[in-house]
Amino acid sequence: MDLGEVDIQIGPCRLILGDCLEEMAHLETVDHIITDPPYEQSLHDAKNSATRPLRTDGRAELSGLEFAGIDGIRSTFVDLSHPLCRGWFIAFCTAEGVARWADVINPSPMKYKRACVWIKPDSTPQLNGQGPGQGAENFVTAWAGSGYSRWNAGGKRGVYKHMTNPTDRHGGHPTEKPWRLMREILHDFTKPDDLILDPFMGSGATLVAAALTGRRAIGIERNPAYFEMAVNRVTKAVSSAAAIGPQIAPQVQDSLI
């Protein structure tokens with residue numbers, strides 16, 4: 001596939017093969033931007049320099065991160081995002097990246113809120129035993145709409161607990177987010193039929209969650225292999241939603257009962 005040649009509509013989801021910094025300039029406004037962009041370059045360098053196996057569950061080793069970190073385009077991405085977004089702006093990052101995101105969001109028209117936490121019960125331990133393993137990641141939240149920010153979860157804390165490697169993990173993308181995590185975030189921050197933009201679509205977890213919960217979505221991905229994965233996953237999610245109906249209520253977590 002050549003970049004810019006593919007623009008596919010699958011049910012309520014539009015998938016674009018291209019560079020988000022170019023494609024976003026041609027989009028109309030959306031209700032929310034919810035995305036998992038590349039993390040800081042220092043993390044990419046550390047993952048790519050690993051010399052020993054990282055998986056402890058017997059599955060195939062993940063490949064290195066062949067895409068660059070967010071550092072060089074973070075400000076440009078925020079500049080493109082705030083005119084497009086009329087609701088929540090959500091971006092995943094490392095704990096070390098939270099302040100860097102806040103530093104570029106705060107001068108923008110968006111109102112920085114806070115960082116939330118994704119706890120990963122099955123995360124890889126620190127295999128060399130020289131310090132604590134990474135048991136969580138973050139995502140930053142900002143409000144790009146008018147007036148007071150609005151969400152559906154009342155006084156709920158911004159803490160989300162989901163397995164990194166559930167049995168149905170697709171596994172084709174090295175930084176794949178669990179679709180159940182994305183489903184919970186969509187239930188908390190968005191409404192049915194809202195239009196969500198994921199400019200760093202990867203293998204499509206955000207769009208899968210959108211299709212399953214009755215939201216509309218636009219995803220942009222520049223890697224043809226990941227784009228093809230997203231097309232296949234979204235097609236299945238749209239078919240599932242058509243067969244059994246959208247998941248209109250958040251799933252109750254066993255740990256909260």
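Let us begin with helices α5 and α6: α5 passes α6 in a right-handed crossing. Please keep in mind throughout that the model is predicted. Two packed helices are described by the angle between their axes and the distance between the axes. Here, α5 and α6 pack at an angle of about 55°, and their axes are 8 Å apart. The two helices are therefore oblique to each other. On the α5 side, the contact is made by W179, M182, R183 and L186. On the α6 side, A205, T206, V208, A209, A210 and L212 take part. Sorted by class, the residues of this contact are eight nonpolar, one polar and one charged.

Let us stay with α6, which covers residues 205-212, and turn to its contact with another helix. How do the axes of α6 and α7 cross, and within what distance do they come? They come within 8 Å and cross at roughly 10°. An angle under 35 degrees counts as roughly parallel, which makes α6 roughly parallel to α7. Helix α6 brings A205, L207, V208, A211 and L212 to this contact. Helix α7, residues 224-244, brings R233, V234, A237, V238, S240 and A241. The residues of this contact divide into nine nonpolar, one polar and one charged. Note that A205, V208 and L212 of α6 are listed in the contact with α5 and are listed again in the contact with α7.

The next helix is α3, which runs over residues 74-84. Which residues of α3 are buried? They are R74, F77, V78, S81 and L84. These residues cover an arc of only 130° around the axis, which puts them on the same side of α3. An α-helix has 3.6 residues a turn, so residues three or four places apart point the same way. What covers the buried residues of α3? The covering elements include α1 (20-23), the strands β3 (32-35), β4 (88-93) and β8 (195-198), and helix α4 (98-105).

The axes of α3 and α4 come within 9 Å and cross at roughly 50°. That angle makes α3 oblique to α4. R74, S75, F77 and V78 of α3 make the contact with R100, W101, V104 and I105 of α4. Five of the residues in this contact are nonpolar, one is polar and two are charged. R74, F77 and V78, named here in the contact, are also among the buried residues of α3.

The loop between α5 (179-189) and β8 holds D193. Most residues other than glycine have a negative phi. D193 has 48% relative accessibility and therefore counts as partly exposed.

The second residue is S123, found in the loop between β5 (111-119) and β6 (136-143). Is S123 buried or partly exposed? The cut-off for buried is under 20% relative accessible area, and S123, at 21%, therefore counts as partly exposed. Leaving aside residues up to four places away in sequence, S123 touches Q134 and G135. S123 and G133 are ten residues apart in sequence, and their C-alpha atoms are 8.0 Å apart in space.

Definitions and conventions:
Residues are numbered from 1 along each chain as its sequence is written. This is a predicted model: local features need pLDDT of at least 70, side-chain atom pairs count only at pLDDT 80 or more; totals for chains, interfaces and linings use all residues. Side-chain values use heavy atoms; hydrogens and water are left out. Buried means under 20% relative accessible area, exposed over 50%, partly exposed in between (1.4 Å probe, protein chains only). Helices (H or I, at least four residues) and strands (E, at least two) are DSSP runs, numbered from the N terminus. The arc is that of the directions from the helix axis to the C-beta atoms. Contact means heavy atoms within 4.5 Å. Axes are lines fitted to C-alpha atoms, for helices over the stretch in contact, and angles run from 0 to 180 degrees between N-to-C directions. Angles under 35 degrees count as roughly parallel, over 145 as roughly antiparallel, 65 to 115 as roughly perpendicular and the rest as oblique. Ala, Val, Leu, Ile, Met, Phe, Trp, Tyr, Cys and Pro count as nonpolar, Asp, Glu, Lys and Arg as charged, and the others, Gly among them, as polar. A crossing is left-handed if the near helix is turned anticlockwise from the far one by less than a right angle, and right-handed if clockwise.
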